[in-house]
Amino acid sequence: MSLTKRQIGKLNKIVAMAQSLLDSAEDGAPKAASGASAKRGSASGRKRRSSADAEKMRADILAKRAKGVPAAQLAKKYGVSTAYVYMIK
């Protein structure tokens, strides 16, 4: 069976993940995940807001956008995407 470069790359990634898991099991402490799954969740700055907090955030974003504050700066401050900042009306 002949493997393509892409398949070989995928297998190498699987082997590296398995080796990392084995190393962390030997150390007794889990290592941080890498990739897309590590970027999700509380580590990325996302948090669940109450409706009152969300409304305050929206009002603040609208006021600051009217003053000319860049959307990227607001998105970083509030932990939301720039698309969400532009979507708010």
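This is a predicted model: local features need pLDDT of at least 70, side-chain atom pairs count only at pLDDT 80 or more; totals for chains, interfaces and linings use all residues.
Lysine 64 forms a salt bridge with aspartate 60, and the closest N and O atoms are 3.5 Å apart, where a salt bridge is a side-chain nitrogen of Lys or Arg within 4 Å of a carboxyl oxygen of Asp or Glu.

Residues are numbered from 1 along each chain as its sequence is written, and side-chain values use heavy atoms, with hydrogens and water left out.

Now the overall picture. The secondary structure of the protein comes to five helices and zero strands, so that, read from the N terminus, the elements run α-α-α-α-α. Of the 89 residues in the protein, 12% are buried, and the cut-offs I use are under 20% relative accessible area for buried, over 50% for exposed, and partly exposed in between, with a 1.4 Å probe and protein chains only. The accessible surface comes to about 7500 Å², and 58% of that belongs to carbon and sulfur atoms; the areas come from the Shrake-Rupley method with a 1.4 Å probe, and for residues only the protein chains shown count as cover. Taking contacts between residues at least 6 apart in sequence, 29% of them join residues at least 24 apart, a contact being heavy atoms within 4.5 Å.

Just after helix 1, glycine 28 takes a positive phi of about 90°.

Let me return to helix 3. Its 16 residues should span 22 Å at 1.5 Å a residue, and the end C-alpha atoms are 23 Å apart, which agrees. Which residues of helix 3 are buried? They are Ala54, Met57 and Ile61, and because they cover an arc of only 60° around the axis, they sit on the same side of helix 3; the arc is that of the directions from the helix axis to the C-beta atoms. On the other side of helix 3, Lys56 and Ala66 are exposed. The cover over the buried residues of helix 3 includes helix 4 and helix 5 (82-87). Just after helix 3, glycine 68 takes a positive phi of about 100°.

The largest nonpolar core has nine residues in all, namely Met57, Ile61, Ala71, Leu74, Ala75, Tyr78, Val80, Val85 and Ile88. Helix 3 and helix 4 each supply at least two residues of this core, and helix 4 gives the most, with four residues. By a nonpolar core I mean a set of buried Ala, Val, Leu, Ile, Met, Phe, Trp, Tyr and Cys residues joined through side-chain atoms within 4.5 Å. Leaving aside neighbours within four places in sequence, methionine 57 is in contact with Arg49, Tyr78, Val80 and Tyr84.

Finally, the charged pairs. A search of the whole structure finds three salt bridges. In one of these, the side chains of glutamate 55 and arginine 58 meet at 2.7 Å, N to O, and the two are separated by about one helical turn because they are three residues apart in helix 3 (residues 51-66). Glutamate 55 is partly exposed at a relative accessible area of 45%, and arginine 58 also counts as partly exposed, at 29%.

What links Asp60, Lys64 and Lys77? They are linked in a network of salt bridges, in which lysine 77 forms a salt bridge with aspartate 60, the closest N and O atoms being 4.0 Å apart. Lysine 77 lies in helix 4 (residues 71-78) and aspartate 60 in helix 3, so this pair ties together parts that are 17 residues apart in sequence. Lysine 77 is exposed, with a relative accessible area of 52%, whereas aspartate 60 is partly exposed at 26% and lysine 64 counts as partly exposed at 24%. Not counting residues up to four places away in sequence, lysine 77 touches Asp60 and Lys64.

Conventions
The expected span of a helix is 1.5 Å times one less than its number of residues.
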